[in-house]
Each structure stands twice: as structure tokens, then as C-alpha cells.
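User: Please take me through some local features of this model, with the criteria behind each term stated as you go.

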Amino acid sequence: MFVQVSKIKSDVIEIAIRGKSLECNENTMSVNSVRVAGKEWIILSTNKGHIDVDRAKDMAKGYGIKLAEAELAKGDFKFGKGEFEVDHAVEILRDIKSEFEFVEAILTYERTIREIETNDGADAREERISIDLNVSVVRRGVASIHVGGIGGLNVIESKFDYVINELKMRLKALERSKLLNPFMRGFKFEVVLSKECSCAFVHEVVHRLEADVLGEIEDGVGITVYDDPFGFGGYNFDDEGVLAKKKCLIDNGKVISYLHTRESAFKFGDVPMGNGRGLFTIPKAFQTNLYVEKGDWSFDEMVEETREGFVSEGLIKAEIQNEVILIYPELCWYVKGGEIVCPVIVNSIKIPVKEALRRIKAIGKEHFERIGYEKSFAISEKAPPMVVEAIVS
């Protein structure tokens with residue numbers, strides 16, 4: 001019977017500017033949990049102090065679930081360092097507000113201490129410091145940017161000019177944008193996925209490499225993807241106490257490995273490498289930070305080789321529906337004869353998951369990083385622009 005006792009404590013400072021309001025909220029949370037793998041998973045948690053380990057073991061009722069052997073974490077770890085000063089953070093948000101009429105900006109600083117002990121050898125503590133800034137501006141449409149990293153306010157200061165310039169560029173394009181010609185909807189085009197859209201595309205593909213929800217993906221050529229635990233979505237060890245290591249998931253267009261929990265790794269006969277996430281649920285196989293190797297194409301070359309198609313950037317959302325990747329961009333640019341003609345509003349870009357890798361026709365040589373949260377897990381992707389064949393609607 002596997003037994004894991006965990007404790008997590010987080011201190012969060014959130015500062016927001018919304019319209020005429022300035023909000024500053026601080027919160028401290030501490031939760032103890034126990035997770036037992038017997039005939040079934042038993043998970044108990046409380047924010048009231050003591051956790052009843054014996055009760056969880058009694059509820060598990062024997063043996064059944066099997067976990068792979070793993071390299072387990074031991075000792076004290078730190079992940080990120082940096083200072084945070086509330087008055088300085090307020091100044092940054094006010095500087096953003098001074099640039100735009102209708103803006104919402106939320107700055108979040110989090111210090112988390114996570115402790116994990118298992119009956120098969122994990123005994124580790126990690127202090128993690130992260131920060132992120134989410135800015136949305138409304139004019140004709142919405143332009144938004146989410147940036148951050150491991151560390152303190154210095155992370156945001158280094159990205160300040162980029163945030164302002166990128167938002168201004170997108171707002172200017174949205175003001176000039178036209179509706180997509182209805183006779184073009186539902187047809188296949190070459191689309192240059194750039195910035196957030198490229199990252200979201202890779203993210204959705206890798207969802208099908210989670211060993212607990214595998215889906216079929218045909219081989220392609222050229223793209224190589226790693227899961228790398230160093231970055232905004234990372235840690236020194238996962239929520240099962242397994243030491244986190246960089247791993248290659250896709251090598252030159254071919255899937256070569258999967259994201260595992262200890263349970264799925266046992267079923268596949270693989271070695272878990274630190275992708276079990278979630279302390280208060282069954283461990284979930286999930287990415288940390290995805291890293292896509294650069295290609296040979298410049299952005300200009302990708303546009304010049306597009307006879308008719310689109311460039312997409314900014315992201316409303318991305319998801320998989322009926323085994324089709326759906327990317328909803330904030331903005332697209334219509335390309336004709338290798339030249340950008342005008343900005344247009346596109347509802348969605350569709351790529352079948354199964355064919356996703358072989359739909360890639362070119363990979364750029366400039367990286368863009370997207371950060372975010374999914375299922376409450378911090379994640380990120382770093383990817384170059386890509387040309388894909390997709391249905392535009």
C-alpha cells in the first residue's frame with residue numbers, strides 16, 4: 001500500500017487595476033493531505049491542521065493499484081528567487097493604465113512551500129516563487145497578454161516595454177480589421193501560427209501524449225518537442241515526489257515518449273520523470289513547460305511562401321473538440337501572393353489532432369513564450385511560429 005503525506009502553504013499577493021478601482025488582496029493558505037493507493041485511490045485533505053493517515057489507510061482496503069519505481073526527491077529545494085514590493089507593483093500597473101483607456105491588469109506574486117513524504121522514500125521540501133501579469137485592453141475587440149516567470153518584480157519589469165508595444169500593435173490592427181469573406185469560411189489554407197497561437201497548438205497536441213488520455217497522432221517531419229521542468233510551469237519534483245527531468249516527447253515529427261504518473265508508467269513499463277500533478281486528486285499526467293526546437297524559416301520567409309492564407313496571433317482560447325484542435329485567435333492577417341494584405345477577424349482555425357504533426361509545413365527560428373494555468377497547474381510553452389494546413393472559419 002502506497003502512502004503519501006503532503007503539506008502545501010502558499011502566500012499570494014494580487015494587485016489589480018480595473019476601471020476606476022485599485023485592488024490589493026493578500027491571502028495565505030495551508031492544507032495538509034494524505035493520498036493512499038490501495039484497491040482504489042483515497043485522498044483526504046484539510047486546512048484545519050492534523051490529517052488522519054490511519055483513516056485513509058483503512059479506507060483504501062488493501063492492495064490493487066501498482067506504481068512504477070522512480071527516482072524520488074529528498075532534501076530541501078528552492079525554485080526561483082526575487083523580491084516583491086507592493087508600492088512598486090502599484091506603480092507598474094498605473095504605468096500600464098496610463099497607456100490605455102479601458103484596461104484590466106492583474107499582477108500576482110506567489111510564494112509556495114510544498115512538502116511531500118512517501119512510505120517508499122520521498123522526503124522533500126520545495127520553496128517556489130513565481131509572478132505573472134495578465135493585461136486585457138478593450139477597444140474594437142479585446143487584446144490581451146499574459147507574461148511572467150520564476151522570480152519577483154524584476155521579471156515583469158524586464159517585459160514591461162514588450163507588453164505595452166505588443167498591445168498597442170494589436171489594438172491598432174483590430175481597429176482596421178475586416179470580417180472574413182464568408183465565401184472563404186470552411187476551406188483549407190496555409191496558416192502561419194505565431195506567438196500564442198503556435199504555443200497553443202503545441203499544447204493541444206501534447207494533451208494527447210498524457211498517458212492517461214492517449215490519442216493517436218500520425219508522424220510528421222521537423223518538429224521536436226521537449227517537456228522541461230525549468231520554467232514558469234516547473235518545479236524540482238512533481239506532486240508524487242518524483243524528481244523532475246527534461247524529456248523529449250516528439251523527435252523530428254515522431255512521438256517517442258509520453259507524460260506519466262507513477263501509475264501510468266507502471267502500466268506502460270516506462271520510467272516516470274516528474275509529470276504527476278495534483279495533491280488533492282488522483283495524480284494527473286501533465287506538462288510542465290513545453291519547449292519546441294527552432295526551425296530554419298524566418299517569419300518573412302514563411303509569409304513570402306504563402307500564396308493565399310493567414311497569419312494568426314493573440315489567443316482567445318484553444319481546445320480539442322471531437323478530435324479537432326480549435327484555435328480561436330484574437331487577430332489574423334490575410335496573406336495574398338506572399339504579402340500581408342490586411343487584418344481580418346477569423347472565428348477559428350481547425351486542425352485534426354491525428355494529423356496535426358504532418359500538417360506542419362515550416363517551423364520558424366524565433367521563440368515566443370506563453371504562460372498560463374490549466375486545471376490550477378502553472379504551465380508554459382516556448383515555440384517558434386509554424387506554417388500549418390488548417391480549415392479557417
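## Backbone, sheet and surface

Analyst: Glu-323 sits in the loop that joins β16 (308-321) to β17 (324-336), where strands (E, at least two residues) and helices (H or I, at least four residues) are DSSP runs numbered from the N terminus. This is a predicted model, in which local features need pLDDT of at least 70, side-chain atom pairs count only at pLDDT 80 or more, and totals for chains, interfaces and linings use all residues. Residues are numbered from 1 along each chain as its sequence is written, and side-chain values use heavy atoms, with hydrogens and water left out.

User: Is Glu-323 buried, partly exposed or exposed?

Analyst: The classes rest on relative accessible area, with buried under 20%, exposed over 50% and partly exposed in between (1.4 Å probe, protein chains only). The phi of Glu-323 is near 60°, a positive value in a residue other than glycine. With a relative accessible area of 42%, Glu-323 is partly exposed.

User: What is the relative accessible area of Lys-375?

Analyst: Lys-375 belongs to the loop between β21 (368-374) and β22 (377-383). Its phi is near 55°, again a positive value in a residue other than glycine. Lys-375 is classed as exposed, and its relative accessible area is 54%.

User: Which are the edge strands of the open sheet of 6 strands?

Analyst: The sheet has mixed pairing and runs in the order β12-β11-β10-β15-β22-β21, two strands being paired if DSSP finds at least two bridges between them. Pairing on one side only marks the edge strands, which are β12 (254-255) and β21.

User: Which residue of β11 is the bridge partner of Tyr-226?

Analyst: Strand β10 (residues 225-227) pairs with strand β11 (residues 247-251) over 3 bridges, in the antiparallel sense. The bridge partner of Tyr-226 in β11 is Cys-248.

User: How far apart in space are Ile-65 and Glu-263, C-alpha to C-alpha?

Analyst: Ile-65 is located in the loop between α1 (53-60) and β4 (74-79). Apart from neighbours within four places in sequence, its contacts (heavy atoms within 4.5 Å) include Trp-41 and Glu-263. Ile-65 and Glu-263 are 198 residues apart in sequence, while their C-alpha to C-alpha distance in space is 7.4 Å.

User: At what relative accessibility does Val-138 count as partly exposed?

Analyst: Val-138 is placed in strand β6 (residues 123-139). By the class limits given above, Val-138 counts as partly exposed, at a relative accessibility of 43%.
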